[in-house]
Amino acid sequence: MPLVREEKPIVTIFGASGFLGRHVVRALAKRDWRIRAVCRRPDLATHLQPLGGVGQIMPMQANLRYRASVDRAVSGADAVVNLVGILSASGRQTHAAVQAFGARAVAEATAAAGISRLVHVSAIGADAASRSIYARTKAAGEAAVLDVVPDAVVLRPSVVFGPDDHFINMFGELAARSPILPLIGGGLTLLQPVLVTDVAEAIASAVEAQITGGRIYELGGPEVLTFRAIIERLLAETGRRPRLLTVPFGLAALAARLTAWLPGAPLTPDQVELLKAGSVVSAAAIGEGRTFEAFGIAPTSLGAVLPEYAVRFRPHGQYDRDGASA
């Protein structure tokens, strides 16, 4: 009797090589999906392949600004995930090109290929009326996706943290190197930090059609914290004592404009605008069950994970006498 081989389903993941992307790849690989890990530079995505079995994860090139490459990436897939987003623009990678035009390109390619499952990751704070171009283009991307694929699932996470994040790690590095840490707006911005693996599990559940489509879900952790409170927790965990310096929003915006021309500028005027709004799950989403509750996921607190990776910012790392393991 000939051997019958069951073909596993294929998911195309745009933005697979990024911080969130690698965790989404791992979550879906564990669920036995074959994965097209799509990014602009597939030669920089080989780190994803050990996350699954031999041949299960295949890096693939595409650029959301070039529709033909998007069509090629989704052809023959069973589901599509779009994780692509940028905090600051660079050259032709503008917010409009990536987060609005690109989101529509993915949705149109998905619909044209006859694929019914599309998961689009946006962000809390997406708002067509916002003064932030990041927030406006995120909202435009959401609208385009739901216009083209009405049953798509849109996920809005708050600030995402985890051992390899660009949030806690950046401030941990600053605290270890600088005697001063700036707190824009006094650090009063409200955030709801969410663990990257919790977000990845929600995305995997959406890919497997375990929740209702055609809705926008907001994903936040179990705590609403001020930016200052997050930094103070980090400093307590690392034993660092920099001075916390309040920087008014207006002064921060001015400084950002003056340094915006620098390669890799640490802050842009648009990011200052985002900080004014904060990132917290809305009362409407809570009331309508459009949160982690819909996925059956109990989100993980910052305090449960922070000690695992903040320890490296202690003066003597894991061998620090003030709380490290022997």
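Reader: What makes Asp147 and Arg104 a salt bridge?

Author: Their side chains meet at 3.9 Å, N to O. The term requires a side-chain nitrogen of Lys or Arg within 4 Å of a carboxyl oxygen of Asp or Glu, so this pair qualifies. This is a predicted model: local features need pLDDT of at least 70, side-chain atom pairs count only at pLDDT 80 or more, and totals for chains, interfaces and linings use all residues. Residues are numbered from 1 along each chain as its sequence is written, and side-chain values use heavy atoms, leaving out hydrogens and water.

Reader: How many salt bridges does the whole structure hold, and what does this one tie together?

Author: The search finds 17. Asp147 sits in helix H4 and Arg104 in helix H3, so the pair links parts 43 residues apart in sequence. Helices are DSSP runs of H or I, at least four residues; strands are runs of E, at least two; both are numbered from the N terminus.

Reader: Why are H3 and H4 called roughly parallel?

Author: H3 (residues 95-112) and H4 (residues 133-148) pack at about 10°, axes 8 Å apart. Axes are lines fitted to C-alpha atoms, for helices over the stretch in contact, and angles run from 0 to 180 degrees between N-to-C directions. Under 35 degrees counts as roughly parallel (over 145 is roughly antiparallel, 65 to 115 roughly perpendicular, the rest oblique). H3 and H4 are therefore roughly parallel. Arg104 of H3 and Asp147 of H4 are among the residues in contact (heavy atoms within 4.5 Å).

Reader: How do you know that S1 and S4 pair?

Author: Two strands pair if DSSP finds at least two bridges between them. S1 (residues 10-14) and S4 (residues 79-82) have four, in the parallel sense, so they pair. Ile13 has Val81 of S4 as its bridge partner.

Reader: What makes S3 and S11 edge strands?

Author: The seven strands run S3-S2-S1-S4-S5-S6-S11 in an open, parallel sheet. S3 (57-61) and S11 (215-219) each pair on one side only. From one strand to the next, the twist averages 20°.
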